[in-house]
Amino acid sequence: MNLVFPNKCNYCLAILIIFFWGIISAGAQEPDFVKLSLPDSVSAVNDIFKTSKDEVILATNVGVYRYFAGIDQFCLLYSSKDAGQLKINVIAQGNSDAFFFGTYRSSVILYRSNEDLKEYSFRDMIGLEALVTDINCIDSVLYIGTSEGNILRFDVYSKKFFHHSSPVKAEINAIWKEENNALWISSINGVYSYKNNTWTQLNDFFQAYGLRIKQDEYWVIGRDAAFNAKIMYLYNYETDLFKKRKQKWATLVFNNLPNNFARFNDIDFDSQGLIWLASNIGVLKYDPFTGYSIWYSKEKYENFELSETIRVLVIDDQNILVSYQNKLMRLGFPIE
């Protein structure tokens, strides 16, 4: 039997959800805030990446390190006499054993274990040493964004770069390509898509700071025109008529955000569908089903030593990595 609640009951039900979420939040067990000891030479943790084998690796200013979660230890993946090959800003994975590292100097490094590094430079194409800010690997092509707003394609087989038009001259913090060949960028100047040889701006974002792909959904974090924190996601659906596949943007609603002008720097998801956000006000665990969040910050927790967070990675539901500059912390949650 299907039950239909009147409007008043719907209102009461909403109040009960909010009430019980408050109880759960207040009674949630405080996690262990474990400060991790990085090598002294590391002054910047630029990227935290989980491989297809669930291994965790970190891009830093002095090399790429593997992190062993069970013992909270680090191991340098490779050494090089060329200091420029150790300054890594972003990590991407190609096939199962190939990784591409974006450098500080207009180049990408191909890394395979037990093989020599191979560095490929596009400096002559753009005329300067730019920071590689994101890499997206689709089939045999890398799509590369830079701090200067450049977009390049790199053919993995021919080892050749190709220049792509760009709608911005500012930092591109994320670049991705859909299965339907639409190219998207997230940038300080907003979100843009490239279709039919034309760039189009998404009006919902005044600024964008990054994205995360979750299955076939594309999640973007940023600000709207009023500088309020904003998260949207692009998802696919089938129409009732003719069963056509279409796309639609949806916006998340925040009910208890500590600061409406927060800046979200990074986003990840746990297996329960909860969203983890690195921000300038700490780390937020956000429930998209209720719109409510738990805020972990230096102001609320004595053992939380980070004034803000730049990167967040869900290792598993019991272990969350967060970083700020050269500081790295693991949030450990006991198994219930």
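Predicted model: local features only at pLDDT ≥ 70, side-chain atom pairs only at ≥ 80, totals over all residues.
**Entry 1: the whole chain**

Residues are numbered from 1 along each chain as its sequence is written, and side-chain values use heavy atoms, with hydrogens and water left out.

Next I looked up the elements, and I found 2 helices and 28 strands in the protein chain. Both are DSSP runs numbered from the N terminus (helices are H or I with at least four residues, strands are E with at least two). Of the 336 residues, 49% count as buried; buried means under 20% relative accessible area, exposed means over 50%, and partly exposed lies in between (1.4 Å probe, protein chains only). I also checked contacts, meaning heavy atoms within 4.5 Å. Among those with a separation of 6 or more, 40% link residues 24 or more positions apart.

**Entry 2: an open sheet**

Here I followed four strands in the order E2-E3-E4-E5, which make an open sheet with antiparallel pairing. Two strands pair if DSSP finds at least two bridges between them. Strand E2 (45–50) and strand E5 (73–76) are at the edges; each has a single partner strand, so one side of each has no neighbour in the sheet. On average, neighbouring strands here are turned by 30° against each other, direction ignored. For that angle, axes are lines fitted to C-alpha atoms (for helices over the stretch in contact), and angles run from 0 to 180 degrees between N-to-C directions.

I then zoomed in on one pair: E2 and strand E3 (residues 56–60) share 5 bridges in the antiparallel sense. Ile 48 has Leu 58 in E3 as its bridge partner.

**Entry 3: two hairpins**

Strand E11 (residues 141–146) runs antiparallel to strand E12 (residues 151–155), with 5 bridges joining them. I found Tyr 143 opposite Arg 153 in E12. E11 and E12 form a hairpin with 4 residues between them, and Gly 149 in the turn has a positive phi of about 85°.

I kept going along the chain. E12 is also joined by 5 bridges to strand E13 (residues 160–164), again antiparallel, and Leu 152 stands opposite His 163 in E13. This hairpin has 4 residues between its strands, and Lys 159 in the turn has a positive phi of about 60°.

**Entry 4: nonpolar cores**

Which residues have the most contacts inside the largest nonpolar core? They are Trp 219, Ile 231, Phe 264, Ile 275 and Leu 277, in a core of 19 residues. Such a core is a set of buried Ala, Val, Leu, Ile, Met, Phe, Trp, Tyr and Cys residues joined through side-chain atoms within 4.5 Å. Among the strands that each supply at least two of its residues are strand E19 (217–223) and strand E20 (229–238). Leaving out residues up to four places away in sequence, I saw Trp 219 touch several others, including Ile 231, Leu 252, Phe 269 and Ile 275. Apart from this core lies another, of 18 residues, among them Val 108, Ile 126, Val 156 and Phe 161.

**Entry 5: Asp 72 and Arg 330**

Asp 72 is in the loop between strand E4 (63–68) and E5. Its side chain has a polar contact of 2.4 Å with that of Tyr 67 and one of 3.0 Å with that of Arg 330. A polar contact is a pair of N or O atoms within 3.5 Å; within protein, one must be able to donate a hydrogen and the other to accept it, and residues adjacent in sequence count only if both atoms are side-chain atoms.

Is Arg 330 buried or exposed? Arg 330 sits in strand E28 (residues 327–332) and counts as buried, because its relative accessibility is 13%.
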